[in-house]
Amino acid sequence: EDLAAVLELSQADEEACRVDICQPRLREMYLAAISQSEEDGGPQLASAKVSVSDALAKFRLPATAVDEVALEVYRDQLGSLSGRIPKAVEKERLDAIRKLMELSESDVRTFHFKAFGGVYQESVDEAMGRSGVISPEAQEALGQLRTRLGLAEDDAERIFHRAVDQRLRRIVEGVLEAYEEATYTKEALTKMRKERGKDVGDDPTADGKGMLGIQETPTSEGIRGSKLMAELTDMAEFYLKNKVNRQGKHVATEEAYPVTVGKYVEEKDKEDMFGIYAWNAVTSPDDASKELWSGMKQHIGGILGLTPEQQQKVMVRTVTRWAGMFIKQQIAEKGELAGEDISALTTWAPNFFGVDPEVTKDVVKGAKKSALQARVMRFLSGPEASRADVQKLRQEVESSELSFQKDLDLTKQQLRSLFRVEATASLEDTALSEEEKLDAVSLCSRSLGLGKEETQEEFAQLLKARAQAYVVNAAGDLMQGNDAAGSRQMQRLGAVASLAERLGTGCGLDSMAWKVAAPLRERLLKLYSSHSDGQAASVALLEAVLGVSAPVPK
């Protein structure tokens with residue numbers, strides 16, 4: 001310190017000089033102690049620690065500088081053992097050197113991983129052997145080897161997982177081959193393998209059930225892809241017997257399967273594989289296979305890298321496809337989806353397949369929606385539908401908890417067309433009172449989702465159209481001398497005029513341009529008055545509507 005003051009060195013400069021001078025001396029001291037212990041016949045380094053500690057106190061080096069020298073010396077001592085399994089005495093010597101320099105196992109962890117990682121993986125591969133499964137005895141031996149190599153548990157696990165990944169890649173090759181055989185048609189499979197330089201030949205395991213090259217939906221009868229089921233089950237057993245998966249309530253879902261097939265299998269293929277496996281696990285007619293596959297299902301999904309949520313989505317998608325096929329079949333056979341069919345889909349199927357009841361309910365709802373849409377289009381494009389047809393349609397839409405406009409995607413014009421069908425029939429129904437007709441029209445309007453103004457506008461146009469038709473028809477009957485028929489048409493006109501009056505001037509019957517000349521309208525009014533049972537009010541109403549006066553009786 002006195003010299004540093006004379007030389008006017010800063011504290012940082014003084015420390016830097018001390019490091020430059022004392023680090024080499026510390027290194028020499030460590031090496032001398034190690035060499036002396038070897039001459040004495042063994043790693044007797046504990047006694048040297050006192051003298052080393054005294055020297056360190058004199059050197060007054062910062063801890064980082066001491067660690068730097070210690071790690072360098074330890075790495076050099078480890079170098080002579082790299083790539084092979086140290087003998088017990090050599091491991092004991094390394095531990096003594098580490099303790100001499102006050103290094104922890106964590107401090108030298110990286111050195112051991114680089115020096116012995118390859119050795120440990122070779123041992124793991126050898127323990128797996130041809131079967132791929134490490135026996136309990138071999139697992140115990142690997143644990144002892146890890147200690148001998150000074151590998152941290154996490155590092156040993158990383159190496160083990162790397163070995164598992166390499167073996168898993170080879171297993172997946174067989175899985176992919178079986179998957180192709182289960183999903184591609186024989187023709188598509190032959191073409192694809194020919195392009196790869198392979199020949200599928202007459203492989204009996206190739207299902208050949210695909211449509212347009214690949215089968216989109218699983219069959220519900222028998223077992224599809226038996227070879228794939230075997231390959232996937234073998235993959236899961238390899239994983240489980242080697243205790244690769246982590247268990248315990250504190251293990252996060254994403255950590256339960258530390259080694260997965262990763263990116264070397266397409267995401268869609270992984271989902272399809274799991275879908276086939278999960279489907280067969282539920283539908284297999286063989287109880288033993290069903291039990292085995294059901295137990296393996298979640299492991300298969302985990303190894304494929306699918307989260308529980310993804311697995312459930314795949315199962316939902318598969319069940320949805322099956323339900324769609326079931327509905328299509330039932331409608332083709334019966335013409336409709338019967339009550340027992342709906343019960344099977346909404347009650348039995350969710351319990352059997354293990355999915356949320358809402359899944360099949362949505363499928364049923366979707367099927368009903370499609371069927372109702374088709375019926376509406378037939379109504380609108382074919383012969384005019386009856387009032388009963390539209391009423392039944394409305395009831396089915398309401399019972400299905402659907403909306404004409406939102407769910408059936410009908411335009412305003414299409415909704416108005418349906419409204420006109422039922423409203424017209426209600427107007428024509430002589431068994432209904434005026435109040436009942438208005439109630440029927442209002443109910444129809446609300447069911448179809450028409451607004452108040454839309455309903456009033458559409459109903460007014462309907463009243464005008466019917467009034468014009470009644471007058472024209474009555475005129476025709478009168479010209480042909482059929483007074484009775486003409487009178488019935490005029491009675492209907494009277495009923496329409498009464499409704500129009502009740503609804504207000506918005507209907508505008510009194511301002512219509514009639515297609516029948518005034519003189520003929522007068523004759524029609526006379527015909528009406530002669531059959532109106534003296535209802536002066538109704539005659540006066542038609543006078544205003546037709547714009548003519550009834551002849552005064554003589």
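This is a predicted model: local features need pLDDT of at least 70, side-chain atom pairs count only at pLDDT 80 or more; totals for chains, interfaces and linings use all residues.
User: What qualifies a pair of side chains as a salt bridge, and how many salt bridges does the count come to?

Analyst: The criterion is a side-chain nitrogen of Lys or Arg within 4 Å of a carboxyl oxygen of Asp or Glu. By this rule, the count comes to 21 salt bridges.

User: Which parts of the chain does the pair of Glu-72 and Arg-27 link?

Analyst: The side chains of Glu-72 and Arg-27 meet in a salt bridge, at 3.3 Å from N to O. Glu-72 belongs to helix H4 (residues 63-79) and Arg-27 to helix H2 (residues 11-39); the pair links distant parts of the chain, 45 residues apart. Glu-72 is partly exposed, at 32% relative accessible area, and Arg-27 is also partly exposed, at 26%.

User: With which residues does Lys-227 form salt bridges?

Analyst: One partner is Glu-177, with the closest N and O atoms 3.5 Å apart. This pair links helix H10 (residues 226-241), which holds Lys-227, to helix H8 (residues 153-183), which holds Glu-177, across 50 residues. Another partner is Glu-181, where the closest N and O atoms are 3.4 Å apart. Glu-181 lies in helix H8 and Lys-227 in helix H10, so this pair ties together parts that are 46 residues apart in sequence.

User: Is Glu-181 buried or exposed?

Analyst: Buried means under 20% relative accessible area. Glu-181 has a value of 1% and is therefore buried. Lys-227, at 24%, is partly exposed, and Glu-177, at 28%, is partly exposed.

User: Which residues are linked in a network of salt bridges?

Analyst: Such a network links Arg-416, Arg-420, Glu-457 and Glu-458.

Conventions
Residues are numbered from 1 along each chain as its sequence is written. Side-chain values use heavy atoms; hydrogens and water are left out. Helices (H or I, at least four residues) and strands (E, at least two) are DSSP runs, numbered from the N terminus. Buried means under 20% relative accessible area, exposed over 50%, partly exposed in between (1.4 Å probe, protein chains only).
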